[in-house]
Amino acid sequence: KDMGIADFDCFIFRHSVVEASTAVKGYLFEYLFRNFPGETRFVYLDPDVFVYSDLTEVTTLLAEQPILLAPHLLQPGHVEMELSSLKHGVFNLGFLAVNRSPEAARFVRWWTERLAKYCYDDIAAGIFTDQKWINLAPCFFDVFILKHPGYDYATWTLKTSVVKKQAETLTVDGHPLRFIHFSGYDSGTIEWAMREWMPQEENAFPELYRNYSLALGQYDQHGLSGTPWSYREYLSGETIDDRARRILRERAISANPFSLSNRALLDLKPAEKASAEKLLRKALRVLRDEGLGTFLAKTRRYAV
């Protein structure tokens, strides 16, 4: 709320917890720009990222480059993940770095505006939370694509890259390991990927994964992950139906949505149904009175 999001209650109501966590990223960068005027470099990392060494390349690049992005994949050969990148986004938004510059500010403003209205897990509609939008960023802005295998090592790179450990030094394909993104930890995806995708050659990743698991246990990750989300319920205590969230994506209401109920919001649907039926009756009248040719010519107008 402190980041200055307009009509916050309606904004947060429209999103699931994952969607909300990603929809606020643009607002967060703008908040940091405003409230930390002495800072010139800003780096976002997902909460399931573990950093192993200094991000020296990022420090150097941000002196000149306004926006840094890391792709999911740096080389071909992993068809399953190539398809997944086409579906979910070419760049992994577990990492994003910008400097204080007019170009970075322009990028953040554009991204914030898109996330304010279109940050949903809706692959059929062409979007996947905050991530799919960034496919367009290199087309619109001065973006540097960070092709360093030591950044954003994760399940999606297990099949094509190997982490090696020599003494206390960790490398990926000869480059220093900067951070691992342990995405999919809770779902068991990482252990599945190690069995299915990891080459038989020696890889330090399983050891690092075990150490990460131990560290999470020490900080009671399991208990923390069970913390109820503040915005999952109406003020009455009723759990919000995801269908009610989706209805508010298409409608503007004057009331605080948290003061309503599933029944109140889901009852909006009959009005939508009546409108659709009205359009259908119009189309059928055209078909009956004016013939098939006119009907086909006007189909777009009366499409339901």
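This passage describes the overall make-up of a predicted protein model and then some of its local features. Local features were taken only at pLDDT of at least 70 and side-chain atom pairs only at pLDDT 80 or more, while totals for chains, interfaces and linings use all residues. Residues are numbered from 1 along each chain as its sequence is written, and side-chain values use heavy atoms, with hydrogens and water left out.

The protein has 304 residues. Its secondary structure comprises 14 helices and 11 strands. These elements are DSSP runs numbered from the N terminus, with helices (H or I) of at least four residues and strands (E) of at least two. Along the principal axes, the C-alpha atoms fill a box of roughly 80 × 45 × 40 Å. Buried residues make up 40% of the protein. Here buried means under 20% relative accessible area, exposed means over 50%, and partly exposed lies in between (1.4 Å probe, protein chains only). Contacts were counted where heavy atoms lie within 4.5 Å. Among contacts with a separation of 6 or more, 69% join residues 24 or more positions apart.

The accessible surface comes to about 17,100 Å². Carbon and sulfur atoms contribute 53% of this surface. Areas were computed by the Shrake-Rupley method with a 1.4 Å probe, and for residues only the protein chains shown count as cover. The side chains include 36 positive and 39 negative ones. Lys and Arg count as positive and Asp and Glu as negative, without His or the chain ends. Each charge is placed at NZ of Lys, CZ of Arg, CG of Asp or CD of Glu. The centres of the two sets lie 11 Å apart.

Helix α3 spans residues 25-35. Its buried residues are Lys25, Gly26, Tyr27, Phe29, Glu30 and Phe33.

Leu266 belongs to helix α12 (residues 262-266). Leu266 is buried, at 19% relative accessible area. Beyond its neighbours within four places in sequence, Leu266 contacts Asp241, Arg243, Ala244 and Ile247. Arg243 is 23 residues from Leu266 in sequence, yet their C-alpha atoms are 7.4 Å apart.

Helix α13 covers residues 269-297. Two surface patches were examined next. Patch residues have over 30% relative accessible area and no salt bridge; like charges are joined within 9 Å, and nonpolar side chains (Val, Leu, Ile, Met, Phe, Trp, Tyr) within 5 Å. A salt bridge places a side-chain nitrogen of Lys or Arg within 4 Å of a carboxyl oxygen of Asp or Glu. Lys278, Arg281, Lys282 and Arg285 form a positive patch on the surface. Arg281 lies in α13 and is partly exposed, at 46% relative accessible area. A nonpolar patch of about 470 Å² is made by Leu280, Leu284, Leu287, Leu292 and Leu296. Leu284 is also placed in α13. Its relative accessibility is 48%, so Leu284 counts as partly exposed.

Backbone angles were considered last. Most residues other than glycine have a negative phi. Asp7, in the segment before α1, has a positive phi near 50 degrees. Asp7 is exposed, with a relative accessible area of 54%. Ala167 has a positive phi of about 60 degrees. Ala167 sits in the loop between β8 (163-166) and β9 (169-172). With 63% relative accessibility, Ala167 counts as exposed.
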